[in-house]
Every structure is written in structure tokens, then in C-alpha cells.
Amino acid sequence: MLYGINAGILKLNVYDGGSKRDEKNKQKSLIATMMMVSVTLAFLSGCAANEKSEDEDTITVYLWGNTLNERLTPYIQSQLPDVNIEFIMGNNDLDFYKFMNEHGELPDIITCRRFSLHDAAELKDQLMNLSTTEVAGAIYESYIGSFTNADGTVNWLPFCGTIDGLVANRALFEEYSIPMPTDYDSLISACQAFEEQGIRGFVADFAYDYTCMEVLQGLSIPEITSMEGRMWRSSYEDMSEDAVGLDDVVWPGVFDRMEQFISDVNIRPEDLELDYDPVINMFTEGKAAMIRSGGANVIEFQNNNIDAVFLPYFGQDGEQWLLTYPEFQVALNKDLEKNTKRQEMAMKVLEVMLSEEGQNTFAKGEDVITYSQNIDLLLSPYLDNLKPLINQNHLYIRIASNDFFAVSKDVVSKMIRGEYDAQQAYEAFDAQLKQPADQTSETVLSVITILCQKPYTPKVFPA
């Protein structure tokens, strides 16, 4: 195993490349890369064998990115000075860990940002069941359901979450005497009023898969979280069944609302070329009144003297919701159960990580919310208007499988270009979800860095 490699790291970039249009060429590239990685793992395992005695007292924690290393690892180390913890840069989605698991190299503790139970199914048998632990019991029932397997086990727990919604330029609204939106109808009225002034009412960085996915879901949160929606989601996330497509109760309406929104706020085909910087520039220059963004941007805008305010997603039934996703999910290797001392050490790391002080240390009074009961996160004062929604648990955790990222980008882009109406979009999305998993996405792995040296000091590697 890799447990004893003090500064050893196998860093893989994982890229979801969408449909396999160039299957043969990609397979050749992937096979060559896999051969390189196999050699790498053999080399690293040799390093680990030389440090076996140290492995028994070391807990390896793989980090999804530099933010976690900078904000949380010093706190964990300070709280557990007697536990030898090795922090290694991993990756932000599950494909990396699936590959490690296939080669018997899964670390003790995994953190992952892009996550869904749907994608995590392959790892289930190698992960501890945390359902009876205190840290799992502290998570609100409405949220732990998104992490509960069909058999009632829980392998992954959510850390504090990022919020996603609309960000409005309040000064621009005041300048043109346009009321700030409070529901879907007033949102559309505001967009139309700004368009009459030559200002875009709403723009978003639809060049990104996550924006296509989040707007599609954000507009229909009340429906997706209904009893029918929850039943469908449970079936989709449960990979014990064959590939599950969309249902015919909730999802046709999701695409109806997306089609209506595209028309109502005048989203244009050229918007598909917009990535982060152009959208931010349009907002800061007063050329767009509202954008899709996160709470962190509100704080950044305010710190730069731009009077921005965060708005929720407005359901067409009058309800308001915040779309959220955990900063990361965390899981423990089931092999820890073979050694009581190591299991206890790993549980201490998990408890410190998910404690109130641990989450606040990471949050730094910014834009995150908690999924755990009896934890009070110090929310930025610029986001005080969101507290009623947080108190009402109007927090929706997005469906974020690799399929949903890729298919949302494809289908929503075609809706914006006018190639699909709502019914065609629904049918195309459903058909792509039903394809075998190896036909809907491509995992491209490349070896970036291999190090095996002593003594160990925490390192920051490129994300």
C-alpha cells in the first residue's frame, strides 16, 4: 500500500471528455497511460514496503485541492499532535480513486469534491460504513439521505457547503429604479426592464458544464425535491440496477422550465462562448444586472466596492431555494477496521475535520453553510439575507454525477442554440443517461509527478 510513502505522490489529472467519438484513438492513449501508471504504482509500492513499520502508525489523507491543504490541514495537525498524519494531494473527482482501488492502493481517508453516489458505487465495498457514527448522526436527515446507499449504509459524509444562485448588482437596480426580484415573475420583469435599457438582465458562463447543470436543476428544485423527485433520485443513485434514465413525472417539467427561462431572460447562442472572466467583467462594468454565481463572489464584489447581493433560485411555484454542494465529501478505507488503533486514529481525524471549529476554520467567515446539526458557521454579513432559507433547510444538494455534468452541457447548449425544444431535450438527456457507463464518458489519466523522498514535510502540489 501507499501508506508509508512520506512525500510520495502519484498525481493524476482526471478529465471527463464526454461521448466517445474517437473511440479507437482514445483507447490507445488510455492503455498507454494505464501502463505508465501501473509501473508507477509498482515503484511506489516498493517504496512503501521499505517503510512498513512507519505505515502502521501513519494515517494517509488524500486532499482534493490546495484550498483544503492551506485552510484545514494545519488545524487538524494542531488538534492531533500525537497522530502521525500524511497529507497527499489527490484529485477532485472519483475516477482517480477508482483506479487506485483497482490496484489495491486506496488511502486511509479520501476527500473528493465532484461527487455522486452514482459514481461512488464502485468504491462502496472498500469503504467503511459510517451510518452509526456520531459524525453521521449529526448531519440533518434531509441531507444524509443524499449519501445513504440503498442498503442503508453511509460511506461518505459532506463537509460544509458552497451556495449557488444569482448575484445581482444592487446599485444598478437602484440607478434604473427597477425593483429587486423576490420571485420568478419579478425576476423576469427585472430582466425585461434592463433589456429595454440596453443592459443584459441575466448572463451566465454557459461555457462550463457545471453552469448548465446547476441552472437546469436550480430552476426546478421544488419539483426535484418532491416525493416523486426523491424516489427517482434514489433509483438513479443506486447502481445495483441497470442504467436509469429520467422519469416521466418530474423531469419533463424540468426541461419545460429551462426552455421557458431561456426565452424569458433572453439567453442567446453566443452566451455559450462566455466563460468566467467575460461574465464577471460584464457584471462589474454594469453591462449585466445579474449573473449565476456563488456566495464567495458576493464577498469579493463587496470588498471591491461593488454593491452585490445574493439571490436564491426562484421556483415558479413561489418558493426560494439555495443550490448547494459540499466543499468536499470524505470517506474512510474499510481496511482500517483490520487494525483497531489505526481505525481510532482515522476516526479522530474525521471528527476533527467535521467539528464546528474545523468547519469554521475552513470557512473563514465566507460563503459556506453546514449540513450538520448544532454547528453554527460564521456566515459573512453580506449573506445575512440567506439566513431564513438556511434556517428552513431550503438547501438543495445538486445531482453531480459525471453523466449529469457531461449530458447537461450537451443538452442545455442545444436548447440555447434552438436545436432542442423541451421535449427533445428531455428525450436526449434520458437516452444518454441510459447508455452504458463506458459509452458516456472518457477518463483520461496522465502521470504528473512521482516523488519518493524523506523526511516528510507537508507539500503543495499543483491542483
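A residue is called buried here when its relative accessible area is under 20%, exposed when over 50%, and partly exposed in between (1.4 Å probe, protein chains only). The model is a predicted one, in which local features need pLDDT of at least 70 and side-chain atom pairs count only at pLDDT 80 or more, whereas totals for chains, interfaces and linings use all residues. Residues are numbered from 1 along each chain as its sequence is written, and side-chain values use heavy atoms, with hydrogens and water left out.

Q302 is buried, because its relative accessibility is 15%. Its side chain makes a polar contact with that of D307 at 3.2 Å (a pair of N or O atoms within 3.5 Å; within protein, one must be able to donate a hydrogen and the other to accept it, and residues adjacent in sequence count only if both atoms are side-chain atoms). Apart from neighbours within four places in sequence, Q302 is in contact (heavy atoms within 4.5 Å) with R170, D307, A308 and Y382.

Helix α15 spans residues 276-284, and its buried residues are V279, I280, M282 and F283. These residues lie on the same side of α15, because they cover an arc of only 160° around the axis, taken from the directions from the helix axis to the C-beta atoms. They pack against β6 (161-169), β7 (200-203), β8 (288-294), α16 (295-303) and β9 (308-311). After α15 comes G286, with a positive phi near 75°.

Terms used
Helices (H or I, at least four residues) and strands (E, at least two) are DSSP runs, numbered from the N terminus.
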